[in-house]
Amino acid sequence: MTKFYELSTEERLDQLVADGLLSESDAVLLREGGLDTDIASRMVENHIGDFPVPLGLAEHFLIDGEQYLIPMATEEPSVIAAAGNAAQRIARSGGFHTNSTRGGITAQIVFRGGRSGGSVDAIYEDADGAGTTHVGAGGDISSSAILAEMNVAGNAVDARRAKGPWHDFLHAHIARISEIAQQAHPTLANHGGGLRSVSVRRTGDIGVVDHGTMHGGMLNHAGSYAGNDAKSIASNSVGTCTGEFIEFDLLIDPGAAMGANTVNTIAEAVSRYLADQLPQYELLMAILSNCAPQQRAKARACINAELLATKDMPGTQVAERIAAASRFAQMSELRAATHNKGIMNGINAVVLASGNDTRNVNAAAYADLSERHRTWTDWRFDGERLIGEIDMPMPIGSVGGAISTLPTAKLAMRLLRQPSAESLMGIIASVGLASNLSAMRALVTRGIQAGHMNLQLQSLAMMAGAQGDEAEELIRWLRANPRQASLAAAQEQLRRLRGE
């Protein structure tokens with residue numbers, strides 16, 4: 001039986017239609033390509049055309065007991081084949097097992113300290129919660145502490161956090177904040193989403209803000225001053241703001257969507273209300289954060305060592321070398337950058353194909369890293385099996401935006417059998433783990449170039465101008481003469497083939 005990768009593009013489409021994975025109209029869309037001008041011109045400004053990226057399918061993915069063909073949009077040779085190759089080895093050992101959490105997206109509403117002539121000392125709320133605020137004189141709230149956090153029911157989220165004026169402020173206003181958030185996007189609750197909690201803190205703009213540990217848990221903010229204390233900063237307010245920020249963080253569940261527009265809409269609505277309640281503070285901004293530690297995807301795979309063997313190296317040795325390469329990536333900043341790029345090769349290709357926002361996913365992923373946590377994957381060898389895990393932020397959606405607008409993105413989601421947002425997160429994480437395994441196996445055995453060479457020769461033939469049958473003939477010549485595999489040599493050989 002002819003393998004999928006051995007078929008022509010037309011034959012692949014015919015097979016997908018015959019297997020019921022694509023409709024005839026889907027096949028027409030993929031054959032004709034391009035994006036309807038009316039759709040494209042409404043998605044971007046000054047539209048002049050489309051910029052196509054090849055769309056392929058990665059095979060052999062067994063994820064949580066389900067078989068998948070994974071749509072991947074990428075211009076880089078070998079990414080799809082490498083992911084499918086690793087997935088096949090993993091499938092023979094039980095496949096990927098995933099776990100995703102969607103804890104919400106954070107919106108930041110930021111105020112600058114007291115207006116000209118005022119101070120940034122504590123606000124005291126009337127006991128009746130009527131909204132009247134008073135500026136205290138004592139400055140008795142620590143400028144470096146998390147001040148208060150409450151859920152939408154008005155309950156403190158963490159009893160260990162300091163109570164005080166800001167706790168009282170939130171307690172007095174949380175019901176109204178929740179109401180405004182619901183009014184800003186009335187249908188969100190129908191989709192299981194909505195405002196989940198609100199926190200407030202002071203953050204100094206002098207010194208370093210330590211964002212704490214984001215891997216595998218809630219983001220822990222703490223600010224510290226270098227050289228100035230709160231009172232000296234507060235007194236430096238002649239004609240300007242005082243140089244201190246008050247930050248309200250709204251944790252919003254976007255439902256099945258990625259939710260950027262939803263979160264920003266809610267943040268701006270709540271910011272207007274808060275600005276009215278805090279007239280002595282200057283509203284600076286209201287916007288979502290692309291740091292998304294609460295939206296996490298995890299995938300795990302155990303591969304029997306013998307499935308990793310090459311012609312020249314036994315599987316146990318390959319597995320041990322992969323585990324060593326994984327440890328080295330955690331130790332070396334230089335290696336970690338390339339290690340992570342290999343992971344993102346697979347992840348970005350699926351994110352793009354599904355209509356999600358690659359910039360958002362990349363921002364969240366790289367914000368998750370630190371000197372103590374240089375990469376999202378970990379591989380270890382227990383003597384019989386190579387065990388790999390990936391744990392990373394994955395702020396994506398399964399509905400809305402380009403996912404529900406771009407015809408090819410909608411087709412990709414149909415190929416994935418319309419996964420939930422949680423399932424899609426697990427699928428994307430699995431592709432990242434497979435891409436990482438394939439790259440490391442190549443690196444610690446034959447080297448990275450061998451796997452790239454065939455597709456690189458195809459690209460070289462196209463760059464030389466070869467088409468159809470002459471491209472195949474030129475590729476065969478380049479493969480037989482690898483030391484002459486340059487653009488100039490390819491162009492010269494093409495001229496010979498054409499009798500020029």
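How many bridges pair strand E13 (residues 295-304) with strand E15 (residues 385-393), and in which sense? The two strands pair in the antiparallel sense over 9 bridges. Welcome to this predicted model, where local features need pLDDT of at least 70, side-chain atom pairs count only at pLDDT 80 or more, and totals for chains, interfaces and linings use all residues. Residues are numbered from 1 along each chain as its sequence is written, and side-chain values use heavy atoms, leaving out hydrogens and water.

**The sheet**

- Strands E13 and E15 belong to an open sheet of 4 strands, in the order E3-E13-E15-E14, with antiparallel pairing. Two strands pair if DSSP finds at least two bridges between them; helices (H or I, at least four residues) and strands (E, at least two) are DSSP runs, numbered from the N terminus.
- At the edges sit strand E3 (97-102) and strand E14 (377-381), each pairing on one side only.
- On average, neighbouring strands are turned by 10° against each other, direction ignored.

- Helix H12 (residues 421-443) lies across E3, E13, E14 and E15, at about 45° to E13.

**Salt bridges**

- Side chains of opposite charge can pair when their charged atoms come close. The structure holds 21 salt bridges (a side-chain nitrogen of Lys or Arg within 4 Å of a carboxyl oxygen of Asp or Glu).
- Glu76 forms a salt bridge with Lys341, with the closest N and O atoms 3.0 Å apart. Glu76 lies in the loop between strand E2 (66-73) and helix H4 (79-91) and Lys341 in helix H9, so this pair ties together parts 265 residues apart in sequence.
- Salt bridges that share partners join Arg300, Asp378, Arg380 and Glu389 into one network.
- Arg300 is partly exposed, with a relative accessible area of 33% (buried means under 20%, exposed over 50%, partly exposed in between, with a 1.4 Å probe and protein chains only).

Technical notes
Axes are lines fitted to C-alpha atoms, for helices over the stretch in contact, and angles run from 0 to 180 degrees between N-to-C directions. Contact means heavy atoms within 4.5 Å.
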